[in-house]
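Hi,

Here is the structure I promised to pass on.

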Amino acid sequence: MSRSLDTLSRRSFLTAGALVVGFSMVPRAFAQLVGGGEGGAGPKVVAPNLPGSLKSAPILDSWIRIDANGAVTVFTGKVELGQGIKTALIQVAAEELDVPPARVTLVTADTARTPDEGLTAGSHSMQDSGTAILNAAANVRMLLARKAAEGWGVAEDAVATTGDGRLAGPGGRSASYGEIAAALSLHVEAMPDAPRRDPARYRTMGRDLPRVDIPAKLAGGAAYIQDMRLPGMLHARVVRGPSVGSRLEPLAIAEVAAMPGVVTVVQDGSFVAIVAEREWTAVKALRRIQNAKTVRSAPPLPAGGPNPQGVVEALKALPSRDIVIQDGPDRPANAAHTVKARYTRPWLSHGSIGPSCSLALFQDGKLTVWTHSQGTFDVRRVAAQLVGLAEEDVHAIHVEGSGCYGQNGADDVSADAALIAKHVPGRPIRLQWMREQEFGWEPLGPGMVTELEASLGPDKRIAAWRHEVWSNPHNNRPVGAGGVLAGGEVPNPFPVPEGKPIPMPEGDGSRNSVPLYNLPNLHVVYHFLKDMPIRVSALRSLGAHLNVFSIESMFDELARAGGIDPLDLRLAHMADERGRDVIAAVAERFAWRDRPQPDGRRGCGMAFARYKNLGAYCAVAMEVEVERETGRIRVRRAVATVDCGQAASPDGVRNQVEGGIVQSISWTSREAMSFDAERRTGFDWSAYPILRFKDVPDSVAVHVMDRPGQPFLGTAEAAQGPAAAALANAVADATGVRLRDMPLNPERVRAAVGVI
Amino acid sequence: MTMTLTINGAEHRVEAEPDTPLLYVLRDDLGLNGAKYGCGLGQCGACTVHVDGRPVFSCLTPVAAVQGRRVTTVEGLGSPGNLGPLQQAFEQEQAAQCGYCIAGMIMRAQVLLDRGGSISDADIRNHMQTNLCRCGTHMRILRAVRRAVDATGARTSSLEAKP
Ligand code: FES
Ligand code: FES
């Protein structure tokens, strides 16, 4: 065994510990950090010189604790949404601490235990939390080595970690992390440049660690909030009209309250919920009470419905605040070909497979809320305001739900559960929305319009580029009770906050509206429309889905006009080295130069974007076959390359990008929330169809670029835009017909291309 | 009403209204998490279980109708610490993102495996058509089912090879 720490006096540790604690007096609040890059209240920046979320939580033991047995607990303010973040963060911590990943336990967002890192959104988790944990772990490893060196009386650089949770020094000295940590205070502020491990010697990062959350999900383990069963728990269902802006009348409250097994019917203003001993009783009571007339309680929904003309009319009728993002022209343009085009996207549902669910318990003046929201700390803020408690008296805990892809009903259902719990103290309340409530009441991904005009010069280079985008805010994350449905239903309703744009470079409707390409005479305008005729908020990739679709479609439209290969036109305008690499790599892996020539049915397309121009680089190439008789698009193969900096878990990245491609094909080729003046009419999977197995690609191959030691770049949303544009470009290549309005569904494709 | 149910080979007595969908009895009375509420309409497959070896939507099946019949849930195929062969194939392919659809996918696919015989990729797609996934995990799910089919096929053909 080791000579370890017995040789060190406990006193020297305490002295050293006391010294560093003095350090931890942190400077107070600077600017507001918008955690997750979207709304959310976001934590204050207190240490602007530190990387990632250490900026707002600089003390090491808020991130990492090591017990006397050497077990490591890592705390993150981010949450698992099925994107595999738990596993990736465990890999990050294990690597920089130099311990086996099995030694690490990860605690995700919990207002009583973890740092507030704002939202888990916007592909920010690796950048914010991954970077914080990486640097916190490097700090901790440095402190462990320093402490051991002091005790052994050797130079700090003579102490090394061995990968198994031990430190080794000259002459066979050895000590476990637990022994050293027992006398080391981690309640100290991180320093910005603690030495990091050499990427060439990584043991855990960059490897495909099996995801820690998967086994339970395969075998019925308790994996989801829906699986929580607390002692004495009651089941609730909330009563609302068929969709936002409607209510039911009259409500048979007395009749339902008298049903056996119904505990109570909560009424608080126009908020109504049924609480029952058994779930099926609550469902039956809900079905009974829903047997009523629908009354529209808000202005009618836009008259034109979800078709392209309807989207354009609805949006262009709204007052606009025009935000100039790029102010061209900057030189005379000599145009040989000019293309003008309008592209549209309808309103989309998040379409979570599991409707939103939350649990809440109000007891002894304190409220606990279990939530699958992306903003655990926001759930606390909202619930506190809604039920009239101090924030300290509300404890919000994240528990995983069904995939959300943005702001689905998660925040609303948590507020609903909190309000019900307040009325039924002492009993845990489990509330799950019904399928039609999720479709009818969640905020949708906004409908959008772009208009582009671009010119190709006689030198076959782009001479001018104009991009205008019309969009509602995508950024309506609730930070107070006015942002959730229940906040508008209680007796003194909380006003709905006015929508605000997210400033560039992240942007919301404007996200990715500035092409990464080198383009002269570049003019970009965001027509920001704060009034929302349809309830909307964040859907995975926000405006990047339509903006990238538009930009990358236009590239192919220009290429066609100028008789240039789409690959060459892209490379000719891409100065960013990593962007070029990703495009070149996808071309090579797809065998772009040897691709099948279009024959009226088969065709190929490619597209590229760097997410937000500051996240991951992603290029997608697709080969499609268009059944002209039916209008059905079959994706034969999709190939993608992605550069996300150092990949913590390459297979995790592949899983996200594969999923992003399939989901984007579904959005782009299938989906539109339908509605009439009175209500949304896409209330189930037959009225809101999504891609099923027979229509997914024959193959999807994702290649992750090797970028050892490079900063993490958010990946989870990077494929949405490129996949959409690659699909449209492949259809245009195959048929010669350019489709600019989503969805490219069979009816539209058949009508546009006709039968040869 | 008191009913006796056979779930994953064990008998359970439950007290429930006879029209209660099997889904709620499995989840709320028996504490089984595998079958999920997705739509309650027979449209998504998240609630898929087997009744006498056939796939059914437990959200649409009244509990009274399964008395005296064999019900199998994903818990009957293995546990998180001891995964069954099909679950292992999903683990090997890392075939889950949020995973909410996956228990239903596994129960659906198991029927195909049980049927045996030669199974093409198109057969797998056709068979899985009833089940929805929103995360876009389809490619991995297809690979996992293929992997399990091949493993079963290998077992079958090695048996067949014997005289
Ligand atoms: S929950 Fe049963 S099919 Fe959707
Ligand atoms: S893995 Fe999330 S719905 Fe299928």
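Predicted model: local features only at pLDDT ≥ 70, side-chain atom pairs only at ≥ 80, totals over all residues.

Residues are numbered from 1 along each chain as its sequence is written, chains are lettered from A and ligands numbered from 1 in the order in which they are written, and side-chain values use heavy atoms, with hydrogens and water left out.

**Chain B against chain A**

Chain B brings 58 residues to the contact and chain A brings 68, where contact means heavy atoms within 4.5 Å. Together the two chains bury about 5100 Å², of which 52% is on carbon and sulfur atoms; buried area is the accessible area (1.4 Å probe) that two parts lose on being put together, summed over both.

There are 41 residue pairs in polar contact between chain B and chain A, both residues at pLDDT 80 or more. A polar contact is a pair of N or O atoms within 3.5 Å; within protein, one must be able to donate a hydrogen and the other to accept it, and residues adjacent in sequence count only if both atoms are side-chain atoms. The interface also has eight salt bridges, each a side-chain nitrogen of Lys or Arg within 4 Å of a carboxyl oxygen of Asp or Glu. One of them joins Arg140(B) to Asp651(A), with the closest N and O atoms 3.0 Å apart.

**Domain 2 against domain 3 in chain A**

Chain A is assigned domain 1 (32–214), domain 2 (225–297 + 350–441) and domain 3 (309–348 + 444–474 + 509–753); the bounds come from an automatic or database domain assignment. The C-alpha centres of domains 2 and 3 of chain A are 37 Å apart.

Here 18 residues of domain 2 of chain A touch 19 residues of domain 3 of chain A. These two domains bury about 1600 Å² between them, 55% of it on carbon and sulfur atoms. Of the area that domain 2 buries against domain 3, His350(A), Tyr405(A) and Phe439(A) supply 39%, more than any other three residues.

Between domains 2 and 3 of chain A, 11 residue pairs are in polar contact, both at pLDDT 80 or more. How many salt bridges cross this interface? The rule finds one. Arg535(A) and Asp412(A) form a salt bridge whose closest N and O atoms are 2.9 Å apart.

Best wishes
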